Amino acid sequence: MSSDNPVPHVTKLVRYEAARQALAEAYRIDEVKDIRDKAVAMRMYALQAKDRVLIDQATEIRLRAERRAGQLLQEMEKNKGARGSGSNQHELRSHDATAPKLSELGINKSQSSRWQKLADIDDDAFEGVVAHAQHKASAAVDHAQQPKPKPRSKPKPKLKPKPKPKPKPKPKHKQPGSNGGDPVAACIAELVPIMQAAIVKMDAEKRLVFFDELRKAVLAIMTEVTAQDVETDRWEETTHL
């Protein structure tokens, strides 16, 4: 390995076959865990470098090391169970006294349980676990290489057009010769053509009767209006007293 390797302490993982051979020859848990930890570090570097071959190799070595550690942990449990039985009682006690604890090995209970489960499965099932882990790691690299979709910009709200102000009605122009808005004059203007049309159809006698009735009607209106004016004057005089 060249001196510029970003992870110089993973000497046994430089060659894939050398790492597998080291696992096959390891019989101590601390040795196996050391290989496993180096494989984890190499896998992290391979993911950053997007080196698919190195990702597959580091993933496989990590899982094989965890399975081997699980096998050695199971042997430790068996040796504890055998304490106090058999002719080699003294030898077993001496071996148990020197066996390191999980905390001393840097292994927690969760790791111990998971690694021993790997040790329980057969070889074919374990190879399937390795292939699945390698595929998952490669998929993570593919996902990281895909360009991130650009965030969609929110559409701007459409502004409602302001309602146009209603045009003001144009004032009606008075026709020339009109009454200027006087209701009395307007009434007379409407009655004159009607009376003219009626008078034309009348004979002399009926015209005299019509004019007499018209005179009486005008006098009655004038009398009533005069009486109202007198009453109004009296009211004003009493209010100013």
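Colleague: So what pattern does the chain follow, read along the sequence?

Modeller: The pattern is α-α-α-α-α-α-α-α-α. That's nine helices and zero strands, where helices (H or I, at least four residues) and strands (E, at least two) are DSSP runs, numbered from the N terminus. Bear in mind this is a predicted model, where local features need pLDDT of at least 70, side-chain atom pairs count only at pLDDT 80 or more, and totals for chains, interfaces and linings use all residues. Residues are numbered from 1 along each chain as its sequence is written, and side-chain values use heavy atoms, with hydrogens and water left out.

Colleague: OK. How much of the chain counts as buried?

Modeller: Of its 241 residues, 22% do. Buried means under 20% relative accessible area, exposed is over 50%, and partly exposed is in between (1.4 Å probe, protein chains only).

Colleague: Which residues of helix H1 are buried?

Modeller: In H1, residues 16–25, they are Tyr 16, Ala 19, Ala 22 and Leu 23. Looking down the axis of H1, these fall within an arc of 125°, so they line one face of the helix. The arc is taken from the directions from the helix axis to the C-beta atoms. On the other side of H1, Glu 17, Ala 24 and Glu 25 are exposed.

Colleague: Switching topic: how many salt bridges does the count come to?

Modeller: The count comes to 13, a salt bridge being a side-chain nitrogen of Lys or Arg within 4 Å of a carboxyl oxygen of Asp or Glu. One of them joins Arg 64 and Glu 60, at 2.7 Å from N to O. Both residues lie in helix H3, four residues apart, about one turn of the helix.

Colleague: Are Arg 64 and Glu 60 buried or exposed?

Modeller: Both are buried. Arg 64 counts as buried because its relative accessibility is 16%.

Colleague: What else is Arg 64 in contact with?

Modeller: Leaving aside neighbours within four places in sequence, Arg 64 is in contact with Arg 20, Leu 23, Phe 126 and Glu 127. Contact means heavy atoms within 4.5 Å.

Colleague: And what sits over the ring of Phe 126?

Modeller: The charged end of Arg 67 does, 4.7 Å from the ring's centre. The rule is NZ of Lys or CZ of Arg within 6 Å of the ring centre and within 35 degrees of the ring normal.
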